[in-house]
Amino acid sequence: MKHTINLFVTACALLALASTAHAQFAATGTGNVSVNIGAEASIQIDTKDLTLTSAGTSFADYTGTTAFTYKIRTGSGSGAGITLKVTTDFSGSGGPSVASPPTTGDTLSYTCTLSSPGTASAGNTATTTDETGVGTFGANVSSAKTGNSGSVSWVLTNDPAYKAGSYTAVVTFTIHAV
Amino acid sequence: MRRSQNIRALLPGCLLLAMAGSAHAQFASTGTTTLQVTIGPEAALQIAATTNLTTAGTIFNANYTGTTNLTYKVRTTKSTGTGAITLKVTTDFSPSSGPSVLTPPTAGDTLTYTCTLTSPGTGCSSSQTASTSSSTPVGTFGADAKSASAGNSGSVAWTLTDDPQYSTGTYTATVTFTISAT
């Protein structure tokens with residue numbers, strides 16, 4: 001019984017010491033400030049409204065360039081990149097269409113540029129159903145604080161079947177970091 | 001005869017000595033003593049061990065933020081005293097490739113903070129930028145400032161720039177708080 005009490009008293013004393021070690025007042029005190037930096041990415045479309053134009057009157061394709069700025073920080077994984085998708089097809093009937101063009105072979109295609117550390121994707125054809133590549137990023141890369149630049153140069157087939165008029169589509173760019 | 005005269009001459013002296021002794025060590029049913037203490041200015045504080053900075057966003061739209069809580073005890077001199085709490089980044093963020101107070105990857109990246117301090121303290125009035133080279137203010141105390149016996153509370157709310165240039169990972173810096181009173 002006496003042995004048990006002694007053990008109990010010792011334990012209480014240790015607990016009391018431990019508690020004072022945590023809550024000690026002194027003229028100075030130090031604390032650690034920790035931060036866990038994770039993978040992160042964002043994109044800003046600098047050319048909000050782009051008008052595709054044709055260089056001639058002999059059915060040269062409609063072209064134009066969308067500029068954007070991206071910020072990215074990747075981790076050790078792979079698969080980071082920028083994609084795009086036509087989320088709203090050209091409006092109005094009788095004009096160009098990504099999903100159902102008036103003539104087979106009419107496309108909205110594009111090529112990309114992407115400043116380092118990004119790598120531009122090869123040219124592609126935009127769709128309303130799938131994300132298509134704009135560029136990729138490797139592991140452990142980062143953009144400048146103000147962001148890095150990129151662009152997508154569009155080519156829309158100039159099909160005589162298009163009725164004269166103005167048509168608008170919405171393209172959504174997505175950036176993701178891993 | 002001559003001996004008797006000598007004794008008479010010594011008696012008054014002996015009586016005076018005896019009276020003097022009894023004045024110091026007088027036995028009575030009660031006794032008093034005087035206790036004196038000089039209360040001087042004093043200060044101490046206690047800091048939360050670790051503060052985790054987190055970001056609410058994933059698209060570089062929010063900086064990393066977090067709050068360090070502290071408890072202070074203070075007593076300043078009645079009419080002329082002052083006191084202060086300061087902080088300094090005594091160990092910069094490590095490991096490298098992440099945020100840094102001394103050598104940030106991009107000019108303008110900072111570890112800033114705002115302060116709150118319950119009365120009788122006054123928290124720093126504006127946002128401060130933490131430094132590794134000099135102490136920066138957290139709060140001040142006026143004359144005759146007295147905290148509660150258990151201490152009064154305060155806090156430092158941190159903001160760390162979210163720069164894409166930081167490599168992913170966990171980084172830790174050590175901040176030393178100092179309290180003083182006069």
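Student: Which residue of β2(B) stands opposite A:S34?

Tutor: A:S34 faces B:N52 in β2(B). Here a strand is a DSSP run of E, at least two residues, and a helix a run of H or I, at least four, both numbered from the N terminus. This is a predicted model, where local features need pLDDT of at least 70 and side-chain atom pairs pLDDT 80 or more, while totals for chains, interfaces and linings use all residues. Residues count from 1 along each chain as its sequence is written, chains are lettered from A and ligands numbered from 1, in written order.

Student: In which sense do β1(A) and β2 of chain B pair?

Tutor: Strands pair when DSSP finds at least two bridges between them. β1(A) and β2 (residues 50-55) of chain B have 4, in the parallel sense.

Student: How many residues does each chain bring to the contact?

Tutor: Contact means C-beta atoms, placed from the backbone, within 7 Å. Chain A brings 29 residues and chain B 42. On the chain A side, β1 (28-37), β2 (40-45) and β4 (62-73) each supply at least two residues, and β1(A) has the largest share, with 10 residues.

Student: Which strands of chain A form the open sheet, and in what order?

Tutor: The order is β7-β9-β5-β11, 4 strands with antiparallel pairing. β7 (118-120) and β11 (170-176) each have a single partner strand, so they stand at the edges, with one side of each lacking a neighbour in the sheet. Inside this chain, β5 (residues 80-88) and β11(A) are joined antiparallel by 7 bridges, and A:G81 stands opposite A:H176.

Student: Where is the largest nonpolar core, and which residues have the most contacts in it?

Tutor: In soluble globular proteins, nonpolar side chains tend to be buried together. A core here is a set of buried Ala, Val, Leu, Ile, Met, Phe, Trp, Tyr and Cys residues joined through C-beta atoms within 7 Å; buried means 20 or more other C-beta atoms within 10 Å. The largest has 36 residues, and those with the most contacts inside it include B:L45, B:W158 and B:F177. β1 of chain A supplies at least two of its residues, while β10(B) gives the most, 6.

Student: What does B:L45 contact, leaving aside neighbours within four places in sequence?

Tutor: Its contacts include A:F25 and A:G29 as well as B:I85, B:F177 and B:I179. Apart from that core lies another, of 17 residues, including A:A39, A:A41, A:Y110 and A:V152.

Conventions:
Two residues are in contact if their C-beta atoms, placed from the backbone, lie within 7 Å. A residue is buried if 20 or more other C-beta atoms lie within 10 Å of its own, exposed if 12 or fewer, and partly exposed in between; C-beta atoms are placed from the backbone.
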